2 protein chains.
Amino acid sequence: MTDPHDFTRRLQKDNGSKIVFLVGDGLGGLPLTPGGKTELETAHTPNLDALARRGTLGLSTPVLPGIAPGSGPGHLGLFGYDPVKYQIGRGVLEALGIDFALGPNDVAIRGNFCTIDDAGRITDRRAGRIGTEIGSKLSAKLNEIKIPGVEVFVRAGEGYRTVLIFRGEGLGGDVGDTDPQKTGVPALDPVARSAGSEKTAAIAKEFLRQAKEVLKGDAPANFLTLRGIDKLPLIPPVKEVYGLRAAAIAVYPMYRGLARLVGMDILDAGHTLEDQLARLEASWNDYDFFFIHWKYTDSSGEDGNFALKVQRTEELDQFIPRITALNPEVIVVTGDHSTPSKMKSHSWHPVPTLLAADTCRFDGSTSFGEAQCLRGGLGQFEAKHLMLLTLAHAGRLEKYGA
Amino acid sequence: MTDPHDFTRRLQKDNGSKIVFLVGDGLGGLPLTPGGKTELETAHTPNLDALARRGTLGLSTPVLPGIAPGSGPGHLGLFGYDPVKYQIGRGVLEALGIDFALGPNDVAIRGNFCTIDDAGRITDRRAGRIGTEIGSKLSAKLNEIKIPGVEVFVRAGEGYRTVLIFRGEGLGGDVGDTDPQKTGVPALDPVARSAGSEKTAAIAKEFLRQAKEVLKGDAPANFLTLRGIDKLPLIPPVKEVYGLRAAAIAVYPMYRGLARLVGMDILDAGHTLEDQLARLEASWNDYDFFFIHWKYTDSSGEDGNFALKVQRTEELDQFIPRITALNPEVIVVTGDHSTPSKMKSHSWHPVPTLLAADTCRFDGSTSFGEAQCLRGGLGQFEAKHLMLLTLAHAGRLEKYGA
């Protein structure tokens, strides 16, 4: 397998050029009826269309044809990391999602509060779907648990979800789930699946023993199961693989976490478009690469709200004038995957992508939408190759071979 | 190399949806003159065109650009099996082609009757191209040969061809051909090319010793050479890799054999389109996936008969109304390779492919043909990825990664 980083490590050069990566989460869509327009095609996007006329369009395949990615593999691909080679566990993603700064000695775990009967059998795997308020109180109680030799952190997630972190030396991340995936049976014991994770399994077992005591009177949330036990993957930072000083402007914690995972600096900004643009302008001289994440194209798609996704796309269009005013060498507008409102979920459909730079070969595009991207000069390409194209257009790659 | 099955094993889910895979063998073609239409474009195919308008088109590359596949790799690719990873020996394919039910202890061999002179030198590598009738009688004589410790089966092929099967424990499949590929020299001895195949080589040698006696008086077919000595490849079944209950409706034995090789059930049906559709309808509730094989687009192409291939394509079109009436979630129409009548052979040209499902992104196609497939939303893709796309559109794949 050819790793793009084999090239970028050898060929990178720093010419001081600037790159802006504007990611509309779940940007790609579907028409509601055959022959109709997608959300992006329906949206009035004069600024993106102008950029399309001077840039090149294409369609990006996040992982493989037919594979709908989660946010993790979707973003890793955009950042040029092979999403098959680098995999992120559920526990790690949950920890990133609550802005917990995971370190290399941390094991992250997703916990689900559940209900058990007197015999210890699970009667409800989600504890009657308790609200976040109750879950937060119970997480705070569990956070008091002490286990010799490690630090234990328990943080509230949404509803019945919680996040555990064990911090210590010699903790492997290869431990099986304790959720039996059905009711009427007890939770499983945490079991190490490979050498080097026995200590983690023993600590998880002790944690669960104490948790059962702590939560005894808190029915329906009188116990919890553990899932997605994992450590941070070893991911080489963007500074090393691309030579880029990179920063992320993202409202939602998970996307900040994913950016941190590849070594980007996280720039705090408010929730509005105006906040994010102001932060971009204020930090312009400090970085070479800016990742700006726009969540709402995805969330409106997940809600199945075609009209709202159109509106959220039109808001994305409003980023463009102030970005172009900064005169970056390369502007990329794309998504981490498609989220057609028709499907109310992430999908595998290839993702509309726009790359604008002075070195673009004209492809006749007149507006930014799926149909024109299908005819675009970038063709259909693997998402992990987009960074190569970006660096090339930024003049940041030397010739390969003599 | 990323194996699609690494994904499908993890992500498969059974939602009860139905898939029909209609394969027109050798479907792709060429125009007879530059600027002309291909066979598929010339054919009047109103039903396929209607399907194209609500589906997505593309071009499938069976193996690699420029590689014209045989039926084995062509179909393995369509079924989602990497045709480079899974290779089928000539002997195995010949055995499948005569409907011989190969087992895991069988070594299959293609035999060619030949003519030898008194000194044992080959004077005609095809025994004057004897007819099938003579070949059948000789195969029956050879079928009487007994070798201690193994069972020997000899079955007639077409003309001067025959098929041998040695059945027994400890028989490897790695033995060299005995055909010297030229006349004026004796046949080679069978030689094991790796440890574990010595027993097979010894048995083949004993078989040839006896065969020379048996065929002594049968000139011009007074001996035979052995080629393509091989065993069944270990291929994981579709039920495991995709979670599909799959069935094949195919007239010709080789295609039934290829379907059996990947674990499909074989549904008997008569030779006509009507027979095959009736079988499909009768079995509709018993399977999730139906592979229907239409041979005549290939055979007419191999004959170099453009007009007949057009007609055979129009017959293929007649399958569509009764398939759509069954309301499967996904219909795929494609070929295992191209067989342009202009070339009278299999070719490497990418294969027109149509996928119709409610989750298709509109690509503006109005009819099913090579030129529109080139502009289609599926782009040009590797055949082995078609099953991923099919499963995705059928709602049979979970999201990859969190």
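Predicted model: local features only at pLDDT ≥ 70, side-chain atom pairs only at ≥ 80, totals over all residues.
## A sheet in chain B

In general, strands of a sheet pair through backbone hydrogen bonds, either parallel or antiparallel. Here the sheet is an open one built from eight strands of chain B, with mixed pairing and the order 9-8-10-1-11-12-2-13. At its edges sit strand 9 (265–266) and strand 13 of chain B, each of which pairs on one side only.

The sheet also has a helix packed on it: helix 3 of chain B touches strand 2 (56–61), strand 11 and strand 12 of chain B. The direction of helix 3 makes about 65° with that of strand 12 of chain B.

## Two helices crossing in chain A

Now over to chain A. Two packed helices are described by the angle between their axes and the distance between the axes. For helix 4 (residues 71–78) and helix 9 (residues 253–261) of chain A, the axes come within 10 Å and cross at roughly 45°. That makes helix 4 of chain A oblique to helix 9 of chain A, and their crossing is right-handed.

Who does the touching? On helix 4 of chain A, look for Ser71(A), Gly72(A) and His75(A); on helix 9 of chain A, look for Met254(A), Tyr255(A) and Leu258(A). Sorted by class, this contact has three nonpolar residues, three polar ones and no charged ones.

## Where the chains meet

Chain B puts 24 residues in contact with 30 residues of chain A. On the chain B side, the elements giving two or more residues are helix 1 (4–11), helix 3 (46–54), strand 13 (379–382) and helix 15 (386–393). Helix 15 of chain B gives the most, with four residues. The chain B side as a whole divides into twelve nonpolar, seven polar and five charged residues.

## How the copies are related

Two copies of a chain are related by a rotation about an axis and a shift along it. To superpose chain B on chain A, you need a rotation of 123° with 0.1 Å of shift along its axis, and the RMSD is 0.3 Å. That is the relation of a three-fold axis.

Do the copies meet through the same or different surfaces? Different ones, because only 4% of the interface residues of chain B are also interface residues in chain A.

Key. Residues numbered from 1 in each chain as written. Chains lettered and ligands numbered in written order. Contact = placed C-beta atoms within 7 Å. Nonpolar A, V, L, I, M, F, W, Y, C, P; charged D, E, K, R; others polar. Axes fitted to C-alpha atoms, helices over the stretch in contact; angles between N-to-C directions. Parallel < 35°, antiparallel > 145°, perpendicular 65-115°, else oblique. Left-handed = near helix turned anticlockwise from the far one by under 90°. Least-squares fit on C-alpha atoms with pLDDT ≥ 70 in both. Pairing = 2+ DSSP bridges.
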